[in-house]
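Dear colleague,

Please find the structure below, together with its sequence.

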Amino acid sequence: MNKEYVLKVAGLTRRLPICPINDKLDIAAFIMFSDIELTIACAQELKKKLPHCDVILTAESKGIPLAYELARQLNVPYVVARKSIKLYMTNPVSVKVKSITTEKLQTLYLSQEDADKLKGKKVIIADDVISTGESILSLEKLTEAAGGTIIAKSAVLAEGAAAERTDIIYLEKLPVFFK
């Protein structure tokens, strides 16, 4: 029988599979893709906690549904930092990132056009889960390079030690499972 973690967030209950990260650590896999009810409910609850902003920024790919729905509800644009340079990108800005759910070091990119959308703007970073904080830090660096100002760092869940941070806004804690 597979192990599960029962998550209660934004008035909903979801059963998350427990997945191994390494021989000492397991995490509960929180995936918003395809769960429209969850995405809308989480955005509604986060919206209540967030200051007014000009733009939402997220990293490809798991934060995209939340960023879209937050942007829709707040009536502001959103920007996605991409994991690779796309043909349409001009003068991309980049930073390196090492996430707990990704095996190797990655690079996040913003096209010049997307960087321009952040310049001089009040930016909220939105992600599904904040764990080590590396993805958020990379998005902060991209925003700084683009000339924007981070006014809030947000997520649906704060995983493990991230729940002790005072610089993030989140809805619920997500435990990690040590073996």
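**Cysteines**

The count of disulfides comes to zero, a disulfide being a pair of cysteine sulfur atoms within 2.5 Å. Cys42 is in no disulfide, and the nearest cysteine sulfur, that of Cys53, is 17 Å away. Cys42 counts as buried at 0% relative accessibility; buried means under 20% relative accessible area, exposed over 50%, and partly exposed in between, with a 1.4 Å probe and protein chains only. Cys53 is likewise in no disulfide, and at 3% relative accessibility Cys53 counts as buried.

**Basis of the values**

This is a predicted model, in which local features need pLDDT of at least 70 and side-chain atom pairs count only at pLDDT 80 or more, while totals for chains, interfaces and linings use all residues. Residues are numbered from 1 along each chain as its sequence is written, and side-chain values use heavy atoms, with hydrogens and water left out.

**The two sheets**

Helices (H or I, at least four residues) and strands (E, at least two) are DSSP runs, numbered from the N terminus. Two strands pair if DSSP finds at least two bridges between them.

Four strands form an open antiparallel sheet in the order β1-β2-β3-β11. β1 and β11 (176-178) stand at its edges with a single partner strand each, so one side of each has no neighbour in the sheet. On average, neighbouring strands of this sheet are turned by 30 degrees against each other, direction ignored; axes are lines fitted to C-alpha atoms, for helices over the stretch in contact, and angles run from 0 to 180 degrees between N-to-C directions. Within the sheet, β2 pairs with β3 (residues 25-28) over four bridges in the antiparallel sense, and Cys19 has Ile27 in β3 as its bridge partner.

Five strands form an open sheet with parallel pairing, in the order β5-β4-β8-β9-β10. Its edge strands are β5 and β10, each of which pairs on one side only. The twist averages 25 degrees from one strand to the next. β4 and β8 run parallel and are joined by three bridges; the bridge partner of Ile56 in β8 is Ile124.

α1 lies across β1 and β2, running at about 100 degrees to β2. α1 also lies across β9 and β10, at about 125 degrees to β10. At 1.5 Å a residue, the 14 residues of α1 should span 20 Å, which agrees with the 20 Å between its end C-alpha atoms; the expected span is 1.5 Å times one less than the number of residues. The buried residues of α1 include Leu38, Thr39, Ala41, Cys42, Ala43 and Leu46. Their cover includes β1, β2, α2, β9 and β10.

α4 lies across β4, β5, β8 and β9, running at about 160 degrees to β8. Ser138 is placed in α4 (residues 134-146) and is buried, with a relative accessible area of 3%. Leaving aside residues up to four places away in sequence, Ser138 touches Val95, Lys96, Val97 and Leu108, where contact means heavy atoms within 4.5 Å.

**Nonpolar cores**

A nonpolar core is a set of buried Ala, Val, Leu, Ile, Met, Phe, Trp, Tyr and Cys residues joined through side-chain atoms within 4.5 Å. The largest has 29 residues, and those with the most contacts inside it are Val9, Phe30, Ile56, Leu66, Leu70, Val156 and Leu157. Elements giving two or more residues to this core include β1 (4-9), β2 (12-22), α2 (64-74) and β9 (149-159). α1 gives the most, with five residues. A second, separate core of 25 residues includes Leu57, Val123, Leu139 and Tyr170.

**Backbone points to inspect**

Most residues other than glycine have a negative phi, and most peptide bonds are trans. The peptide bond from Glu60 to Ser61 is cis, with omega near 10 degrees, and Ser61 lies in the loop between β4 (55-59) and α2. Ser34, although not a glycine, has a positive phi of about 75 degrees. Ser34 is found in the loop between β3 and α1 and counts as exposed at 79% relative accessibility. Asn75 has a positive phi near 60 degrees; this residue is in the loop between α2 and β5 (78-81) and is exposed, with a relative accessible area of 70%.

Yours sincerely
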